Amino acid sequence: MKKSVFILVLLCLGFASCNNETSLQEFYVEHQNDNQYLAFDIPVSLLTGDNTTLNAEQKATLETIRKVNILGFPLKTENKEEYETEKERLSSILKADKYQQLMRYGGGTRKAELYYLGEEDAIDELIVFGSDDEKGFGIARLTGNDMNPEALIRLLKSFEKGELDVAGLPKLEGFLD
């Protein structure tokens, strides 16, 4: 009797731990070698060029980032149906309870959403999912330790202004052409 109860408990635990939902990491790994996708990983060492113009907060924020993974799906006339399917699949992955939405913006055929994993003021992963129904979609994952989302957004704005020297990234020019 004890043996059958033990087996029943193990089976219940096994079924409870089985999850058919694909994680974002599994999606990334599944598609990183797919010819329809553009994928690259950026180690933090490429983000630490000559950043002497950054203030102390920006430098501290940069130090909390470990790695950046980027996966893009360029839209072409021959892959429109797959684009819609894959975009919906990514959207459903991000609707899982473990991903917390930080913000959403956009309009028309363009939109972007920011999600995070971890605590609200000390996140371990920031996810940016953007799509443009004329160009394609992309997802970027910033992984790190206890990243501050507000400080990350300010750091991203400094990147847009050209204040952040990303030493290794010029080597990627032409990658998307």
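User: In this predicted model, which strands does H2 lie across, and at what angle does H2 run to E2?

Analyst: H2 lies across E1, E2 (65–74), E5 and E6, and its direction is at about 60° to E2. H4 also packs on the sheet, where it touches E2, E4 (110–119), E5 and E6. The direction of H4 makes about 155° with that of E5.

User: Why are H2 and H4 called roughly antiparallel to each other?

Analyst: Their axes cross at roughly 150°. Angles over 145 degrees count as roughly antiparallel, and H2 and H4 are therefore described in that way. The axes come within 10 Å. On the H2 side the contact is made by Leu-24, Phe-27, Glu-30 and His-31, and on the H4 side by Glu-86, Arg-89, Leu-90, Ile-93 and Leu-94. By class, this contact has 5 nonpolar, 1 polar and 3 charged residues.

User: How do you know that Lys-87 is buried?

Analyst: The relative accessible area of Lys-87 is 15%. Buried means under 20%, so Lys-87 is classed as buried. Lys-87 lies in H4 (residues 80–94). Beyond its neighbours within four places in sequence, Lys-87 is in contact with Phe-129, Ser-131, Asp-133 and Phe-137.

User: What makes E1 and E3 edge strands?

Analyst: E1 (38–43) and E3 (100–107) each pair on one side only. The open sheet has 6 strands in the order E1-E2-E6-E5-E4-E3, with antiparallel pairing.

User: What makes E5 and E6 a pair?

Analyst: Two strands pair if at least two bridges are found between them. E5 (residues 122–132) and E6 (residues 136–147) have 9 bridges, in the antiparallel sense, so they count as paired. Ile-127 stands opposite Arg-141 in E6.

Key:
Residues are numbered from 1 along each chain as its sequence is written. This is a predicted model: local features need pLDDT of at least 70, side-chain atom pairs count only at pLDDT 80 or more; totals for chains, interfaces and linings use all residues. Side-chain values use heavy atoms; hydrogens and water are left out. Helices (H or I, at least four residues) and strands (E, at least two) are DSSP runs, numbered from the N terminus. Buried means under 20% relative accessible area, exposed over 50%, partly exposed in between (1.4 Å probe, protein chains only). Contact means heavy atoms within 4.5 Å. Axes are lines fitted to C-alpha atoms, for helices over the stretch in contact, and angles run from 0 to 180 degrees between N-to-C directions. Angles under 35 degrees count as roughly parallel, over 145 as roughly antiparallel, 65 to 115 as roughly perpendicular and the rest as oblique. Ala, Val, Leu, Ile, Met, Phe, Trp, Tyr, Cys and Pro count as nonpolar, Asp, Glu, Lys and Arg as charged, and the others, Gly among them, as polar.
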